[in-house]
Structures are given as C-alpha cells and as structure tokens.
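Have the viewer open as you read.

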Amino acid sequence: QVKLVESGGGLVQAGGSLRLSCAASGSILRVNAMGWYRQAPGKQRELVAAITSGGSANYADSVKGRFTISRDNAKNTVYLQMNSLKPEDTAVYYCNAGVVTFISGLYDYWGQGTQVTVSS
C-alpha cells in the first residue's frame, strides 16, 4: 500500500508564507508526476501546481509568481512554497501522486488534506 502524508498547513496573515510537504511511502517502484490541489468551501477541487519526475512544473494562473513546487525524488517528497498569501488562497490542500507499485502498477494516490487559512 502507498500512503501520502502531508504537513505544513496552518493559519497565516495575508502576505505571509507557508511551506507544505507531502511524503509518499510504501511499496513504491517509481513516483511519476506529483502535485497539489486545493478545495475551498463550496468550490470544486482545483489544480494548484504539478511537477514531473524530471522537474518540469506548471502552475494555476492564480498562483504563478507566488507559489513554487519542488520535489526530492530520493525521498519521494513534494513541496509547495507559498509566498504572498492571500485570503482567497484559503482552502484544504491535497497532495496527489502517480505511483507505480509492484502489485497495482500505476495508480493515482491522494493525501488526507491539510488546511491553509489566510486571514486578512
């Protein structure tokens, strides 16, 4: 089984910064793309940023220039550095990863979510 464990959420004032981490563990052969999604109350889950195993990243327009996604392939961990946070960034942030295992092949996994709250 594969587990994604997130950390780093919390409460911050507008203009502040937070860093999210997500580590994949289990019987992993390979981790493909990893990403961060978020879901605000009453809204659909949306992609925030994603990164390939080779390090190519893409971002939602709303976070470009403020958020940076990175990963450590040796640790199967993805990070999201969030700067210049705005109240509209408030949401539950979910980690996502495409993981190849011996038993299941390629499968999409999700973390449990971590709350980010930005006060004005």
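Leu29 is partly exposed, with a relative accessible area of 47% (partly exposed sits between buried, under 20% relative accessible area, and exposed, over 50%, using a 1.4 Å probe and protein chains only). Leu29 lies in strand β4; strands are DSSP runs of E with at least two residues, numbered from the N terminus. Together with Phe102 and Ile103, Leu29 forms a nonpolar patch on the surface, with about 410 Å² of accessible area between them. Such a patch takes Val, Leu, Ile, Met, Phe, Trp or Tyr residues with over 30% relative accessible area and no salt bridge, their side chains joined within 5 Å. A salt bridge here is a side-chain nitrogen of Lys or Arg within 4 Å of a carboxyl oxygen of Asp or Glu, and the areas come from the Shrake-Rupley method with a 1.4 Å probe.

## Ground rules

This is a predicted model, so local features need pLDDT of at least 70 and side-chain atom pairs count only at pLDDT 80 or more, while totals for chains, interfaces and linings use all residues. Residues are numbered from 1 along each chain as its sequence is written, and side-chain values use heavy atoms, leaving out hydrogens and water.

## The core

The largest nonpolar core has 31 residues, and Trp36, Val48, Phe67, Val78, Leu80, Met82 and Tyr93 touch the most other members. A core of this kind is a set of buried Ala, Val, Leu, Ile, Met, Phe, Trp, Tyr and Cys residues joined through side-chain atoms within 4.5 Å. Strand β9 gives the largest share, five residues.

Take Val48: beyond its neighbours within four places in sequence, Val48 is in contact (heavy atoms within 4.5 Å) with residues including Trp36, Phe67, Leu80 and Tyr93.

## One disulfide

The structure holds one disulfide, counted when two cysteine sulfur atoms lie within 2.5 Å. It joins Cys22 to Cys95, S to S 2.1 Å. Cys22 lies in strand β3 and Cys95 in strand β9, so the pair ties together parts that are 73 residues apart in sequence. The link of Cys22 and Cys95 is left-handed, with -80 degrees about the S-S bond, and both cysteines are buried.

Most residues other than glycine have a negative phi. Asn76, in the loop between β7 and β8, has a positive phi of about 50 degrees. Ser84, in the loop between β8 and β9, also has a positive phi, near 50 degrees. Asn76 is partly exposed at 21% relative accessible area, and Ser84 is partly exposed at 41%.

Notes:
Helices (H or I, at least four residues) and strands (E, at least two) are DSSP runs, numbered from the N terminus. Patches are made of residues with over 30% relative accessible area and no salt bridge: like charges are joined within 9 Å, nonpolar side chains (Val, Leu, Ile, Met, Phe, Trp, Tyr) within 5 Å.
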